[in-house]
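Student: I am new to this structure. Please show me how to read its features.

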Protein chains: 4
Amino acid sequence: MELHIEDRPRHYCGVFGIYGPGLDVARLTFYGLYALQHRGQESAGMAVADGWRIELHKGMGLIPEVFNDRVINDLRGHLAIGHVRYSTTGASHPINAQPLVFHYGRGQIGLAHNGNLTNTESLRRQLAAEGAVFQTTTDSEVIVNLIARSGGRDLEEALAHCVREIRGAYSLVILAENQLLAVRDPYGFRPLCLGELGNAVVVASESCALDTIGARFLRDVAPGEIVVLDRNGMNSIQVARREHWAHCVFEYIYFARADSCIDGFNVNRVRRKLGEQLARECPADADIVLPVPDSGTPAARGYADGSGIPLEEGLMKNRYIGRTFIQPSQNQRELGVRLKLNPIREVLAGKRVVLVDDSLVRGTTSGKIVRLLREAGAREIHLRLSSPPITHPCYYGIDTSNRKELIAAEKEVEEIREFTGADTLAYLSLEGLLGAFGDYGRNFCTACFDGRYPVPVDGGGSCAVFKYK
Amino acid sequence: MELHIEDRPRHYCGVFGIYGPGLDVARLTFYGLYALQHRGQESAGMAVADGWRIELHKGMGLIPEVFNDRVINDLRGHLAIGHVRYSTTGASHPINAQPLVFHYGRGQIGLAHNGNLTNTESLRRQLAAEGAVFQTTTDSEVIVNLIARSGGRDLEEALAHCVREIRGAYSLVILAENQLLAVRDPYGFRPLCLGELGNAVVVASESCALDTIGARFLRDVAPGEIVVLDRNGMNSIQVARREHWAHCVFEYIYFARADSCIDGFNVNRVRRKLGEQLARECPADADIVLPVPDSGTPAARGYADGSGIPLEEGLMKNRYIGRTFIQPSQNQRELGVRLKLNPIREVLAGKRVVLVDDSLVRGTTSGKIVRLLREAGAREIHLRLSSPPITHPCYYGIDTSNRKELIAAEKEVEEIREFTGADTLAYLSLEGLLGAFGDYGRNFCTACFDGRYPVPVDGGGSCAVFKYK
Amino acid sequence: MELHIEDRPRHYCGVFGIYGPGLDVARLTFYGLYALQHRGQESAGMAVADGWRIELHKGMGLIPEVFNDRVINDLRGHLAIGHVRYSTTGASHPINAQPLVFHYGRGQIGLAHNGNLTNTESLRRQLAAEGAVFQTTTDSEVIVNLIARSGGRDLEEALAHCVREIRGAYSLVILAENQLLAVRDPYGFRPLCLGELGNAVVVASESCALDTIGARFLRDVAPGEIVVLDRNGMNSIQVARREHWAHCVFEYIYFARADSCIDGFNVNRVRRKLGEQLARECPADADIVLPVPDSGTPAARGYADGSGIPLEEGLMKNRYIGRTFIQPSQNQRELGVRLKLNPIREVLAGKRVVLVDDSLVRGTTSGKIVRLLREAGAREIHLRLSSPPITHPCYYGIDTSNRKELIAAEKEVEEIREFTGADTLAYLSLEGLLGAFGDYGRNFCTACFDGRYPVPVDGGGSCAVFKYK
Amino acid sequence: MELHIEDRPRHYCGVFGIYGPGLDVARLTFYGLYALQHRGQESAGMAVADGWRIELHKGMGLIPEVFNDRVINDLRGHLAIGHVRYSTTGASHPINAQPLVFHYGRGQIGLAHNGNLTNTESLRRQLAAEGAVFQTTTDSEVIVNLIARSGGRDLEEALAHCVREIRGAYSLVILAENQLLAVRDPYGFRPLCLGELGNAVVVASESCALDTIGARFLRDVAPGEIVVLDRNGMNSIQVARREHWAHCVFEYIYFARADSCIDGFNVNRVRRKLGEQLARECPADADIVLPVPDSGTPAARGYADGSGIPLEEGLMKNRYIGRTFIQPSQNQRELGVRLKLNPIREVLAGKRVVLVDDSLVRGTTSGKIVRLLREAGAREIHLRLSSPPITHPCYYGIDTSNRKELIAAEKEVEEIREFTGADTLAYLSLEGLLGAFGDYGRNFCTACFDGRYPVPVDGGGSCAVFKYK
């Protein structure tokens, strides 16, 4: 299901960068961000450099609301970074839009950031004690202050110093007047990959952004690696090295676009495998497999393949329901989910249904869908989820709501089944989830399922952004 | 594929009406229009009556752009009509937004119209000779002038007179201060159906609008029937009766929402049947069946079922590409379709692909998709279309572009294949198409496939709306 | 005082027209409307013809909000009409914006109208009985229906027929594909004048619009005259002739721009004369003459000249207070007038003040100003008004509010003085007012001062426009 | 003349602050800013504190465009600062809008600034070397970094340290969570005054803002004084003391609102005195005195009083010409000034005119006005300016354009006369200007007239704001 049905973990941004002498880098960044729009709909921005100075344009809203042809044409240069920011209710404020651009001792510097630091508070306190001032409480402003204070010989060194001080999840692109740097945290929490387009080098949160601009995928940025792009070509500095990593498995379950490849795995393929495994682990005696569109579709297909039960599309999604939505009035409450999803009676009447979704956070939407299906004549409803119960909040860049809103943190599976009204309910096991990656399965963070946080959290985890009015 | 990939016939509006004392009819109309948004994205509007007067609100844009909570709250009454209008480039003007509301001899009257009259020009000329003035050249303004001049005893009679004078395709909802009328042309070109919500009666272009507001489907409005809703309940007048009808078969092929039922047939089911028949008529030796999302998906599923070849989703659609779109610059031309559709190499590499789409108008987009698939490694591409070649323009409410743009009007199938670059190309036969409806198949208009126009066209067909600057 | 201090009669529009082969008539109309913006701030529009067709652009708001360079460039042709519409709260709706453009038996026709017919209702009823339909209840739609039904040989004749049927106040400009007509009602209620710009002929509500585009004033359109502009040059048809006229004297008192000349009298000069006469009729023993800016300024100057008392500007106006204004909260009520006018203590302290304004409708603003002046130290305040008490509503195109809101219709002068808190209060006499025009004084409508309505009013006067939601 | 006729020095902002427990300080700040709107139309903003935290709202545009009722209601607290920023072409960017709000070692801090520092560059360089980062190049960001790094015991001490480091012109209001500080530079370049409203204390750039909210004027903030407002009431720290000051005399000539009192002098009164002195110094044998509205009006009145020649208003200003203005096309160039000013032929024909304006920067507009007057029949035109020739740029917060654009820096008076086309042209002498202030006259900066810069300028003067795209 999509973001506007507010029962999903929320993304924390997407980043893009390009070093491309001779190319219209602003336009390519624009298209690259378009391909990453699913990672953030709240704000968008890009900073473009021409060797001498950095120009910035950013704003609230979707990409076509923030940019237009004239703006793109006016952003001239040969290197650029871009950013899309997640959508949320309330904390949204222009001041938090990225990239951020600063003047400092070495000139200008721009940053775009995906992730969440876990020691922001102590770093900020320490920096403020030394006289630093902050306009936001974003991690990015902390990072740039660390870079500015670092005594390194050049920006690479300064960034390497900074990387040693910050903890948590981050995939960063950094722009100087004539240099572009990309860095991925030592645990590899958030994705980041490299591509080439002729002589240009491109860096992006997901490979779908490379495809969209016609760039060829090169490789993922390694955890703990700084990639430096400038007139000397591409150089790599491995600033930290670990035995195992802690990639976010939710990128595969729900966040990333199905056509992306992350750390060697195609997202769509993983989702189908999870569905197949789910069929093996949690079979159901049913007539049809029914995906919750769109996010449950690949897993439902896998479930159908694994179980031999035919897949049917029996929930029609209204693709025009957008961000500005008028709430039904008191006596029209049940209309809410019906506006977004319409059950097709012809498909459902009298059927025993396996309803497949990718995950379940609060459970309220699932309950509404179950009711819709029953009204449309479904005889039995077996809810299957292609991920384990989410029992712990994430501090590495995903907004899973606080623990109280996580139904699986508070209730047993049977209670959850009762809450949703399904006849049976079953989750994919953690082993089943990681098994989809074979041996590589040990390189994932599973904190939201088992509370094993790979990086300690500063004071219990910050809430990411300062909320201005 | 969707509307913004401009290689599809375009809808000509959707209508909605409700007679519901005690209900918040404005809000219900708002939700009903939301369910019909796929039939028109250019403008939206509604007129609400309270027994004494009619209030109107309409504007350019999508429903949430035209309406907000305050507007809805201010539209008080117990009966209403609504309209969504198709999207096009250029001819879009506020003056053409519907409903239209007029003052005339009997008081106020509002109209919302889906379809296209074929004798508008001669009617308009005749009315103008009698002193009528027109602010638009929409059919609706002609219709209301005819009603106003008709000497009938009441509005029903006046409308019945009018129906005898107008020719062509129309599904109309008409609002008086305390009465709602619906009428469908004698050929039944455009769909129109009835539902009930408690004591209220609802009329809509498609049944999905009934589902969305929780109304129960009653029946389709019969071709040539006037339905009258007022304090006397629902009354029906059959003003014209024909042996066979001429429903638009493109509603099933592409226009209507898959979850709607029209004239007794579920749209999704028809689409799958067409795909199965296509597999029978036009088999292909291939590894996977690949739908062009989203419109080709049900037919592709049918093709997979019929052929036993597995369906794979190998084209990822960017759901954020909207109406305001910045065109790639000169040297980035090929980006266009890639922004909207990304082929998944993992799915396609080395594969022989059956590419299934619902129809082909100009062929340019299909050609781009074929190229994309080849670049992603597809070994063979067999393009299959779940409708016959479109060789003639439509004069009954669909914008199929003019004849010159219809590739099948100008080229043989082999030439079209060559133009698209597919290895093989095949269309569903007209018999195969109509066969999906069994005996009822003779009740369809097939003019766009064979030029047999059931209703003669005034001066060669009008261009529907007056184009103001 | 200005419009946003809502204690003034309100204008009812301004019109402009130009027949100018070889000129950029859209741009000239744009500038002409700018000069007439004081006559209407609610909506603006223009229609441009090129000999073959009429193009229309109009919208809500001030001229620069409705038009931009691109729009102006796209409106090509050699003849045009334009309109600005008055500002009001609530009844404002896009459908009432002008010009209106219609198709009818002779082709296209556009209208822009300043004034108010007094037999609209009976005409509309008669037209509706004959089958006419109306989208608005504006007078303009009635007029165009009359023209369309008139059997005249050409548009001039049709308009002449129409003029014989309509009653009341009107200055109209009418556009055909290659002809421009202007007409002023037989009483000459509203102003209308002619100018030339090279070979082009210009028509406008006020001469300031001619000055602005560099056109030379030719003459006023005569009451009852139709002026026809086309390839045959300028022709005049005198369709009605009266001995005396009934010009609106409020154009001189308050409405028109001070630099305009109307029917032979310069507005600024008349205002100063009224002030001089006011000084003669209603002297005051005072230290300074203080205008209420801006509308009271010329009369105050006249009063100063007439009385020998020096004029001082002691009320500072905030020129940035616009249409969107946030109301002070409960305990900040008195801020309202203070935001707009600030009394200068240095000028006022200890002074006996003659406060001069042009008119008084409800008296509430005057009361607030008197209080402000007292707080700033004024010792005595003698309120003098350069027009007689307004005791009757206007039915000829001015919104003087209804009779209940006219303080002078309900109260004696002494009661009004008490209400405002002034020490003395005096109005200019009707004789004094008309005396400023010498013998020509008998050619004015004085209905709002004495109730002598020169044209009978249909059913007590319509309220001008249909109020859509 | 007004700002949009771009031949005037431009303001550099206005500031407002209020410490008012129990009051709706956001609304009062809103009204106070309204009264200061003439000091800046580019952006507006306010920061409100409630003892615990600071909330910020700001944006581009006029005050009613930036704020609305809902925004004001949401800004709750008991102390606030506000800012309006000047209008310019090009350098306008949201990032430069004020107030700025920061987090730093002591908590939060907000700043609003009027003026221009002259050692910004060296301070910024020094701060950057110590690791500071800047998002803008505004002076305000430098100031807050200085405050943050200062080791003072409290904010007052930190500000006092800062004042010792910064040079140039500044009137600053600073907001902490529960404290408001105001400071005026030791030379007193820019105005700043104090008022009281019940128990609340108000600080503002001009006294008209006090009047508008009903506050009583207390006194001007002394040059070099820091005023501290908190729960301990109002305290004053005199951090610098000089024998003479260097007030900006242009506040009296043109910038400030006529109803303000600055450093003991009423602006309107000064302007009239300058006009009287101008009449003495530069008499003319003429029939009428004609002000250039609106800025030349008080001086013209003074000239009329001084010379005995009657004042006439012969130039009508179009009050609706706003910021978004469509330029006349090539062959309509001369329309520009005519749209804004219309000469009244009745007043001017055959007259010898003394045209009085307050200042002359580039001379182009004056030339256009002279041409307009001649066309309207003026026989002689004697241009008189109520300030001396501007020969040097200002580095203390006024945008007088660069030296090349200052006509008096490049040409002799006779050449300027020729350029404008006037028959005679004369400026007020510097002695005459300062004489209006009596003995106090030595306390003014006269740099723009004689190049005697009271404070040395860092590298020749900074360009004030960083220009983002």
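Tutor: Start with contact: two residues are in contact if their C-beta atoms, placed from the backbone, lie within 7 Å. Leaving aside neighbours within four places in sequence, A:E165 is in contact with A:L123 and A:L146. A word on the source: this is a predicted model, where local features need pLDDT of at least 70, side-chain atom pairs count only at pLDDT 80 or more, and totals for chains, interfaces and linings use all residues. Residues are numbered from 1 along each chain as its sequence is written, while chains are lettered from A and ligands numbered from 1 in the order in which they are written.

Student: In which helix is A:E165?

Tutor: Helices (H or I, at least four residues) and strands (E, at least two) are DSSP runs, numbered from the N terminus. A:E165 belongs to helix α6 (residues 155-165) of chain A.

Student: Is A:E165 buried, exposed or partly exposed?

Tutor: Count the other C-beta atoms within 10 Å of a residue's own, with C-beta atoms placed from the backbone: 20 or more is buried, 12 or fewer is exposed, and in between is partly exposed. A:E165 has 16 other C-beta atoms within 10 Å, so A:E165 is partly exposed.

Student: How far apart are A:E165 and A:H38 in sequence and in space?

Tutor: They are 127 residues apart in sequence. In space they are 31 Å apart, C-alpha to C-alpha.

Student: Which domains does chain A have?

Tutor: Domain bounds come from an automatic or database domain assignment. For chain A it gives domain 1 (14-246) and domain 2 (269-317 + 332-450). The C-alpha centres of these two domains of chain A lie 34 Å apart. Twelve residues from domain 1 of chain A and eight residues from domain 2 of chain A make the contact. On the domain 1 side, β6 (107-117) and β7 (168-175) of chain A are the elements that give two or more residues. β6(A) gives the most, with three residues.

Student: What classes of residue are on that side of domain 1 of chain A?

Tutor: Ala, Val, Leu, Ile, Met, Phe, Trp, Tyr, Cys and Pro count as nonpolar, Asp, Glu, Lys and Arg as charged, and the others, Gly among them, as polar. The side of domain 1 of chain A that touches domain 2 of chain A has four nonpolar, seven polar and one charged.

Student: How many residues of chain B are in contact with chain A?

Tutor: 42 residues of chain B meet 41 residues of chain A. Elements giving two or more residues to the chain B side include α1 (25-35) and α9 (267-281) of chain B. α1(B) has the largest share, five residues. By class, the chain B side has 19 nonpolar, 13 polar and ten charged residues.

Student: At what angle do α4(C) and α5(C) cross?

Tutor: Axes are lines fitted to C-alpha atoms, for helices over the stretch in contact, and angles run from 0 to 180 degrees between N-to-C directions. The axes of α4(C) and α5(C) cross at roughly 50° and come within 10 Å. Angles under 35 degrees count as roughly parallel, over 145 as roughly antiparallel, 65 to 115 as roughly perpendicular and the rest as oblique. α4(C) and α5(C) are therefore oblique to each other.

Student: Which residues make that contact between α4(C) and α5(C)?

Tutor: α4(C) brings C:T120, C:L123, C:R124 and C:L127. α5(C) brings C:D139, C:V142, C:N145 and C:L146. Together they divide into four nonpolar, two polar and two charged.
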